[in-house]
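Here is a friendly briefing on one protein chain, written to be read beside its sequence and model. Have both open as you go.

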Amino acid sequence: MEFNGTLLIARADEMCAEDGHTQRMTLHCLQCSTVLGDSFSACGECVDSIVCLSVTDDVVVSDAMKSGHKGEMARCISSSLKCRGCGSAVGSVIHSAPAPLAAVRSMFLLQKKNISCYILNRRSMVKASTLTFDMKPVRESMNETQQHFEAQLDRISHIKSRLADRIASVS
């Protein structure tokens, strides 16, 4: 581990815990440390930002929309995200985008350069720019969820069958 000023800088390979699962963390405004989200809502990384499905009420979405003219945000229409605590810009929400960014439309993009992360089991604050937020592909997560629901359905069907047998034997 390395220290830079008062922040601990973690290597990207330290993001996974010993059991292979992503570390649990909260996402904070780099300027004032207001909590903006957590690792449960993070679903990946795109355009130097953490892609989140949801954020806290301390993230304010601007009503004004802007059009990107250069870089990865070219031809995108987006709204900026600001920290309610200090007013700092913390990211954006893309409303309209060309095909390469279509998957992140309407999601919250928290710019890594403006975010710090508190890693819960380490009790340490790190700069988001030092971490990677690679997540499993959505298809893989959906398949796992489907298998889980099918297993639950099998258990429920088995219990229902046992209850029907008991009712029949009592009658």
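Ser 116 lies in strand 11 (residues 115-119), where strands (E, at least two residues) and helices (H or I, at least four residues) are DSSP runs numbered from the N terminus. This is a predicted model, in which local features need pLDDT of at least 70, side-chain atom pairs count only at pLDDT 80 or more, and totals for chains, interfaces and linings use all residues. Residues are numbered from 1 along each chain as its sequence is written, and side-chain values use heavy atoms, with hydrogens and water left out.

- Ser 116 counts as buried because its relative accessibility is 3%; buried means under 20% relative accessible area, exposed means over 50%, and partly exposed lies in between (1.4 Å probe, protein chains only).
- Setting aside neighbours within four places in sequence, Ser 116 is in contact (heavy atoms within 4.5 Å) with residues including Thr 26, Leu 27, His 28, Cys 29 and Leu 30.
- Met 125, Val 126, Lys 127 and Ala 128 are also among the contacts of Ser 116.

**Strand 3 and its partners**
- Strand 3 is largely enclosed by the rest of the structure, because five of its five residues are buried.
- Strand 3 and strand 11 pair in the antiparallel sense over five bridges; two strands pair if DSSP finds at least two bridges between them.
- Within that pairing, Met 25 stands opposite Ile 119 in strand 11.
- Strand 3 (residues 25-29) also pairs with strand 4 (residues 35-38), in the antiparallel sense and over three bridges.
- Thr 26 stands opposite Asp 38 in strand 4, and His 28 has Val 35 as its bridge partner there.

- Strand 3 and strand 4 form a hairpin with five residues between them, and Ser 33 in the turn has a positive phi of about 70 degrees.
- Cys 32 is found in the loop between strand 3 and strand 4.
- At 30% relative accessibility, Cys 32 counts as partly exposed.
- Cys 32 touches Cys 83, Gly 85 and Cys 86, not counting residues up to four places away in sequence.
- Cys 32 and Ser 88 are 56 residues apart in sequence, and their C-alpha atoms are 8.8 Å apart in space.

**The second largest pocket**
- The second largest pocket holds about 380 Å³ of space, a volume being the space filled by probe spheres set on grid points joined across faces, edges and corners.
- On a 1 Å grid over the protein atoms alone, a pocket is an open set of points where a 1.4 Å probe fits, with protein on both sides within 12 Å along at least five of seven lines; lining residues have an atom within 4 Å of a point.
- Its lining has 20 residues, of which Val 47, Lys 66, Met 73, Ser 92 and Gln 111 lie nearest the centre of the pocket.
- Strand 7 (59-67), strand 8 (77-83), strand 9 (89-96) and strand 10 (108-111) each supply at least two residues of this lining, and strand 9 gives the largest share, three residues.
- By class, the lining has five nonpolar, ten polar and five charged residues; Ala, Val, Leu, Ile, Met, Phe, Trp, Tyr, Cys and Pro count as nonpolar, Asp, Glu, Lys and Arg as charged, and the others, Gly among them, as polar.

**The chain as a whole**
- Of the 171 residues of the chain, 34% count as buried.
- Among contacts between residues at least 6 apart in sequence, 46% join residues at least 24 apart.
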